[in-house]
Amino acid sequence: MVRISYADENGSPEIAALAQKIRTERGGRMLNLYKMLLNSPPLAEGWLNLFTAIRQKCELNGIYRELAILRVAIVNGAEYEYRAHVPFALREGLTEAQIGALDDWQESRLYSEAQRAVLAYADAMTREIHVAGSVFDALRPHFDQRQLVELTATIAGYNLVSRFLEALAIDPEAAHAQAGSNAGY
């Protein structure tokens, strides 16, 4: 059960305007995550801008983005985040078998060399914080500098998401599988 109340979308003109902007940018939906963030309009707006950039404006291939997001969610035990991103991962081209093997990806043969490098990087950034040179070097043949920055920001950002969701015990939506292409966070 959620630890503090969700914001009233009509609680002030500032919140109502921001809620409308969120709905517009997120396919008409207001996720519980954003209902919580609206308790602090500056944070909600900054969050919206950051995650719109990560999910919709970066050059990083969506397969790598969603693979990293799902792995972060698994490592952090963030069921809300995981369930929210499975449909996006499937749309980006990950297979159900690849998604199902993420718990034990090191033993699976379902991932390319680049995907394995992304998974190792997500694990290192999430678990150890300080990434070993060998883990980072495994990414270099597959990604240019911009893509490396975008991958790093994606992993860091979704660690933020999972920690926020779990600390406040934000309720998952009932129907993540029906999320539209812009309905993520």
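These questions and answers look at helix packing and aromatic rings in a predicted model.

Visitor: What should I know about how the model is read?
Guide: Residues are numbered from 1 along each chain as its sequence is written, and side-chain values use heavy atoms, leaving out hydrogens and water. Because the model is predicted, local features need pLDDT of at least 70 and side-chain atom pairs count only at pLDDT 80 or more, while totals for chains, interfaces and linings use all residues.

Visitor: At what angle do the axes of H5 and H9 cross?
Guide: Helices are DSSP runs (H or I, at least four residues), numbered from the N terminus. Axes are lines fitted to C-alpha atoms over the stretch in contact, and angles run from 0 to 180 degrees between N-to-C directions. The axes of H5 (residues 79-92) and H9 (residues 145-167) come within 8 Å and cross at roughly 125 degrees.

Visitor: Which word describes H5 relative to H9?
Guide: Angles under 35 degrees count as roughly parallel, over 145 as roughly antiparallel and 65 to 115 as roughly perpendicular. The rest count as oblique. The crossing is at roughly 125 degrees. That makes H5, relative to H9, oblique.

Visitor: Which residues of H9 does H5 meet?
Guide: Contact means heavy atoms within 4.5 Å. From H5 come Glu79, Tyr80, Glu81 and His85. Their partners in H9 are Tyr158, Val161, Ser162, Leu165 and Glu166.

Visitor: Is the pair of Trp47 and Phe51 stacked, edge-to-face or tilted?
Guide: Rings of Phe, Tyr and Trp (its six-membered ring) pair if their centres lie within 6.5 Å; planes under 30 degrees apart count as stacked, over 60 as edge-to-face and the rest as tilted. By this rule the count comes to 5 aromatic pairs. The rings of Trp47 and Phe51 have centres 5.2 Å apart and planes at 40 degrees, so the pair is tilted.

Visitor: How many residues apart are Tyr64 and Phe143?
Guide: Their ring centres are 4.9 Å apart and their planes lie at 80 degrees, so the pair of Tyr64 and Phe143 is edge-to-face. Tyr64 is in helix H4 (residues 62-76), and Phe143 is in the loop between helix H8 (133-137) and H9. The pair links distant parts of the chain, 79 residues apart.

Visitor: Is Asn49 buried, exposed or partly exposed?
Guide: Buried means under 20% relative accessible area, exposed over 50%, partly exposed in between (1.4 Å probe, protein chains only). Asn49 lies in helix H3 (residues 41-57). Its relative accessible area is 41%, so Asn49 is partly exposed.

Definitions and conventions
Helix = DSSP H or I, 4+ residues; strand = E, 2+ residues; numbered from the N terminus.
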